[in-house]
Amino acid sequence: MKFNDIQKSSLICTLIGLGFLFLFAFSGKVLPRAELTLIEGEIDWVKATGKHGNNLRFKFLGENIHLIYHSIGGQTSKTHSALASEDSIISVLYDDTDSHSPPWDENSYYSVYELSKDGNIVRSYESMVVAYASNSRLAGWAGVVSLFLAGLFLLFDRHKKNQTNKAIK
């Protein structure tokens, strides 16, 4: 079966849409607060990563756990300031069942879902849950729009074929 350009565009939109819907279905879910793990102490190092430097990787002094604060949580500069402050006690809640290893890094990183400095909340669990859910909804809408475009391409292709068949008769 040979595909024309319109059919190829429709297929690409369909695959992208399904990918976004898959992302929507399986992302944005944060464990209940009671199931997250608490770690606190002084920060050994913090490093801004990502295309715009808005993801923060860090490690606690004396611990072998690597953590990441994703830009999804917002207020990255405020969070970076808290993590970089010396002689402060930082507390975080993270999901110890879900880690990922970025390319070219041998460490596994756990996502942070709450961060406090010296007992004062910098980013709350509730605000992080809202941010992750909002990001997930965005993926869902992108999937729906992509599938809608795929349908428009198919309708346009069918219309074009009907016009060609009428012209031949």
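**Close-up 1. β5 and the lining of the largest pocket.** With 4 residues, β5 gives the most to the lining of the largest pocket in this predicted model. The pocket has a volume of about 190 Å³. Its lining is made up of 13 residues, and H70, D98, S111, Y113 and Y132 are the ones that lie nearest the centre.

**Close-up 2. The largest nonpolar core.** Here we turn to the core, which has 23 residues. F58, F60, L67, V92 and L115 have the most contacts inside it. At least two core residues come from each of β3 (55-60), β4 (66-69), α2 (76-84), β5, β6 and α3 (125-168). Once again look to β5, which gives the most to this core, with 4 residues.

**Close-up 3. The surroundings of F60.** Let us zoom in on F60, one of the core residues with the most contacts. Setting aside neighbours within four places in sequence, F60 touches I39, E40, G41, E42, I43, D44, I65, L67, I90 and V92. Among these partners, L67 and V92 are also listed with F60 for the most contacts inside the core.

**Close-up 4. The buried face of α2.** Four residues of α2 are buried here: T76, T79, A82 and L83. Viewed down the helix axis, the buried residues fall within an arc of 125 degrees, so they line one face of α2. The cover over these buried residues includes β2 (43-49), β3, β4, β5, β6 and β7 (120-123).

Terms used
Residues numbered from 1 in each chain as written. Predicted model: local features only at pLDDT ≥ 70, side-chain atom pairs only at ≥ 80, totals over all residues. Heavy atoms only, no water. 1 Å grid on protein atoms, 1.4 Å probe; cavity = no way out; pocket = protein on both sides within 12 Å on 5 of 7 lines; lining within 4 Å. Points joined across faces, edges and corners; volume = space filled by probe spheres on them. Core = buried A, V, L, I, M, F, W, Y, C linked by side-chain atoms within 4.5 Å. Buried < 20%, exposed > 50% of the residue type's maximum accessible area, 1.4 Å probe, protein only. Contact = heavy atoms within 4.5 Å. Arc of directions from axis to C-beta.
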